[in-house]
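The stops below follow one after another.

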Amino acid sequence: MTGASTGRPDAEPTEPTEPTAERTAAAAGASLVIWLLVGSAFVMILNETIMSVALPALIADLHITVSTAQWLTSGFLLTMAVVIPITGFLLQRFPPRRVYLASMLLFSAGTLVSALAPGFPMLLAGRIVQATGTAVMVPLLMTTVLRLVPAERRGATMGTITIVIAVAPAVGPTLSGLILSTLGWRFMFWIVLPIALIALAAGARWLQVAAEVRPVPLDLGSVALSALGFGGLVFGLTGVGESARGHALVTPWIPTVVGLVALALFVARQLRLQRDGNALLDLRPLGHRPFVISMVLVVLSMMSLFGVLILLPLYLQDVLHVSAFVTGLAVLPGGLAMGLLGPVVGRLYDRLGARTLVIPGAAVLTVALWAFTTLRAGSPLWTIIAFHVVLVLGISLMLTPLMTDALGRLPGHLDSHGSAIMATLQQVAGAAGTALFITVMAVASTEGTMGTDVAGARAAFMVAAVIATVALPLTFLVGGRKETAAA
């Protein structure tokens, strides 16, 4: 040992140095790739809720109803839910760099279309193109983390990803309010477009991720069933609200039943195709109990998050009659809190495991949602901000541990499909939560009210609180201290 430290003429002192240098360079390259993906995904997912504060202005400017306008958010989420299952195929069939460039090109094109849209149909089309590009980015980010980050540091890295998944939608209303206070709603897209183009150029220059690809066939029947299933469910939920106001185009139960049947056929088709390794979305991760429990809780958390993000701007502007600028500032503290808590909670997960964080997080979330049911027509603005910060605290304690624990316990060959399932369910939860809470608000609001009133808002928050209360016992089934066997 002494000879090694004093510099013998053989190669022993230098041999450990070279692998260390290689590992340092590899870690630096991995960090650059991950931060590029995180930055790109943040800008893209920001657009999920950037329209929420603008809904009252769009309703007046485009002469549409509340239930129609919310499709600018629900349609975005729904498109992601339809496209994300295909990413399991894409990440097996094409190199990550090519997938990234296609994703950013689609997002940039959709942003341009939205900025130039002369009316609601073109604006919705641009949002759908945006969502198509965004849908590919989230599973690409998660799968890349699983490939590049050691198991013992995944919690901290997934905490950073929480900033993308949860903080970006939370910051969306704030950014929207700031823009609307000085500029028109089109500038919400004109400001994002150059950022997207810069990310596209950076990815073309620096994104390099080694990955094995194989010629997996694309099953078009599965794609059609996926689109019909998820689309039917969310369209049916939204149709209930339209029907309550006499504006429904079709009876709501028809698309709902069609969606359920299509999803059943989709699942049966995937179970058959995965025997040969050709499934569009391999469902074997759902055979792992820890993955399923975590996914159920993630779905309920995302329903609550997106439901509140949609309801709060409508309540603040239609009931409290505050400006879009003040509305954006009101949700800013919650967004900042989630951004600060994400990496901290990730590091705590690396030390403590999931259950220690998830149980108190679910309890805090439940308390916050019940607090929202006490809102009145004259509620002070500071109480709403406080309720929102408490809600964000609960969700922060849940999301990072649940997502990291779910993916970390899967076998390596199911990483891409596990990420796709997780991202799909998150977006379905967001779309379903948005549609459900808007529907409840529309049904419970005073007859003839075109916006939001106290009765409608409280009823929607009541539904969210009941769902959180029912889900609370599930948190005791989450795994304890982190196991490394799967990794």
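Start inside. Select L300, L365, M398, A468 and A471: of the 13 residues that line the largest cavity, these lie nearest its centre. On a 1 Å grid over the protein atoms alone, a cavity is a set of points where a 1.4 Å probe fits but cannot get out, and lining residues have an atom within 4 Å of a point. The elements giving two or more residues to this lining are α13 (289–318), α15 (355–372) and α18 (454–471). Of these, α13 gives the most, with 4 residues. The space in the largest cavity is about 80 Å³, where volume is the space filled by probe spheres set on the points, joined across faces, edges and corners. The count of cavities of 30 Å³ or more is 3.

A word on the model. It is predicted: local features need pLDDT of at least 70, side-chain atom pairs count only at pLDDT 80 or more, and totals for chains, interfaces and linings use all residues. Residues are numbered from 1 along each chain as its sequence is written, and side-chain values use heavy atoms, leaving out hydrogens and water.

Next, select α18. Helices here are DSSP runs of H or I, at least four residues, numbered from the N terminus. Which residues of α18 are buried? They are G456, A457, A460, F461, A464, A465, A468 and A471. Buried means under 20% relative accessible area, exposed over 50%, and partly exposed in between (1.4 Å probe, protein chains only). An α-helix has 3.6 residues a turn, so residues three or four places apart point the same way. Check the length too: the 18 residues of α18 should span 26 Å at 1.5 Å a residue, and the end C-alpha atoms are 26 Å apart, which agrees. The expected span is 1.5 Å times one less than the number of residues.

Move to α16, residues 381–408. Its 28 residues should span 40 Å, and the end C-alpha atoms are 41 Å apart, which agrees. Cover is the rule here: 20 of the 28 residues of α16 are buried.

Now go to the loop between α13 and α14 (324–352) and pick H321. H321 has a positive phi of about 60 degrees, although it is not a glycine. H321 is exposed, at 63% relative accessible area.

Last stop, I195. I195 sits in helix α10, residues 192–206. Its relative accessible area is 43%, so I195 is partly exposed.

Definitions and conventions:
1 Å grid on protein atoms, 1.4 Å probe; cavity = no way out; pocket = protein on both sides within 12 Å on 5 of 7 lines; lining within 4 Å.
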